Amino acid sequence: MKTVLITGAAKGIGRATALELAKAGYAIVINYLTSAKEAEELRKTIAETYSVPCLTVQADVSKEEEVERMIAEIEEKLSPVDILINNAAIDLPNLFREKTAEEFRRVLDVNVVGAYNCARSVCRGMKERGYGRIINISSTNGINTYFPMCFDYDASKAALNSLTHDLAMQLSPEVHVNAVAPGFIGTESELEGYDEEFLKEEQEKILVKRYGRPEEVAYLIRFLISPEADYINNAVIRIDGGQKGSV
Ligand code: NAD
């Protein structure tokens with residue numbers, strides 16, 4: 001049984017991915033930052049519903065020492081990590097002029113350095129064991145910018161796409177590294193703070209005329225880590241319902 005670590009997995013896309021991969025028979029590690037209650041509830045649901053091993057581990061992925069401690073804890077309590085899903089991220093939705101350099105740094109620290117910290121901690125073991133898969137949860141914002149709200153988030157996801165390519169080259173052939181780039185997925189954190197009218201307008205720009213569901217991203221991740229996807233490496237794959245004006 002392969003062990004999957006999903007960062008920021010207590011809610012949203014990470015949670016849906018944990019459930020989908022548990023259903024597919026993987027041992028699951030739920031990393032969380034502050035959502036201890038949600039993480040524990042998810043662990044219980046997984047353990048009871050799918051009878052696969054499931055562990056929760058608290059760590060701030062942006063902090064190198066916390067990530068190293070987390071990986072050591074997973075190895076001690078469960079097994080080495082075979083598959084890493086870098087899902088944890090933050091998005092601070094205020095305007096360009098209102099943002100500070102400190103906020104910009106924090107976004108890069110979590111969304112890019114966090115993914116790097118986790119990849120670095122697990123990649124040596126993956127190489128030695130001759131198998132590993134890393135999926136970075138990027139965004140279409142890293143391909144097209146999302147003016148005028150999210151320059152820092154956009155930059156972080158563009159950097160994550162670049163990191164995906166570098167890691168794929170560094171870690172081949174044993175470890176495959178791909179990124180998934182969702183468009184508008186209707187998670188709680190994505191919808192909060194926007195009014196109905198704005199959400200309607202955004203929906204109109206999507207060719208299938210609806211937001212994606214977290215489970216739909218999870219299905220793609222399940223496929224990408226399966227043996228059927230063994231020839232997919234170093235790719236950034238959009239999942240956005242088709243967006244007007246983008247190719
Ligand atoms: P979410 O906010 O529900 O999930 C992100 C999780 O990361 C949260 O549980 C949060 O607590 C955790 N986290 C934040 N900082 C952390 C840290 N330092 N260490 C550990 N965990 C931390 O958001 P979501 O919508 O489920 O998004 C999940 C991923 O998908 C993110 O990478 C996001 O950028 C990406 N994404 C989401 C959408 C969307 O429309 N929802 C679109 C494109 C990309």
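The crossing of helices α4 and α5 is right-handed; a crossing has this hand if the near helix is turned clockwise from the far one by less than a right angle, and is left-handed if anticlockwise. The model is predicted, with local features requiring pLDDT of at least 70 and side-chain atom pairs pLDDT 80 or more, while totals for chains, interfaces and linings use all residues. Residues are numbered from 1 along each chain as its sequence is written, and side-chain values use heavy atoms, leaving out hydrogens and water.

Helix α4 covers residues 101-129, and its axis comes within 9 Å of that of α5, crossing at roughly 15°. Helices (H or I, at least four residues) and strands (E, at least two) are DSSP runs numbered from the N terminus. Axes are lines fitted to C-alpha atoms, for helices over the stretch in contact, with angles from 0 to 180 degrees between N-to-C directions. The angle makes α4 roughly parallel to α5, a term for angles under 35 degrees; over 145 is roughly antiparallel, 65 to 115 roughly perpendicular, and the rest oblique.

Residues of α4 in the contact (heavy atoms within 4.5 Å) include Phe 104, Val 107, Leu 108 and Lys 127. On the α5 side, Phe 151, Tyr 153, Leu 163 and Leu 171 are among them. By class, this contact has 16 nonpolar, 3 polar and 3 charged residues. Ala, Val, Leu, Ile, Met, Phe, Trp, Tyr, Cys and Pro count as nonpolar, Asp, Glu, Lys and Arg as charged, and the others, Gly among them, as polar.

The peptide bond from Ser 172 to Pro 173 is cis, with omega near 0°.

Helix α1 (residues 12-23) packs against helix α2 (residues 36-50) at an angle of about 20°, their axes 10 Å apart. That makes α1 roughly parallel to α2, and the crossing is right-handed. From α1, Arg 15, Ala 18, Leu 19, Ala 22 and Lys 23 meet Leu 42, Thr 45, Ile 46 and Tyr 50 of α2. This contact has 6 nonpolar, 1 polar and 2 charged residues. Ser 51 lies in the loop between α2 and β3 (54-58). Although not a glycine, Ser 51 has a positive phi of about 50°.

Helix α1 also packs with helix α8 (residues 214-224), at an angle of about 50° and with axes 8 Å apart. That makes α1 oblique to α8. Here too the crossing is right-handed. Gly 12, Ile 13 and Leu 21 are among the α1 residues in contact, and Pro 214, Val 217 and Arg 222 among those of α8. The classes are 8 nonpolar, 2 polar and 3 charged residues.

The ligand is surrounded by 27 residues, of which Asp 60, Asn 87, Tyr 153, Ile 185 and Thr 187 are the closest; a residue is counted if one of its heavy atoms lies within 4 Å. A backbone N or O atom of Ile 185 lies 2.7 Å from an oxygen atom of the ligand. For Thr 187, a polar side-chain atom lies 2.7 Å from a ligand oxygen atom. Gly 183 has a backbone N or O atom 3.3 Å from an oxygen atom of the ligand.

Definitions and conventions:
A polar contact is a pair of N or O atoms within 3.5 Å; within protein, one must be able to donate a hydrogen and the other to accept it, and residues adjacent in sequence count only if both atoms are side-chain atoms.
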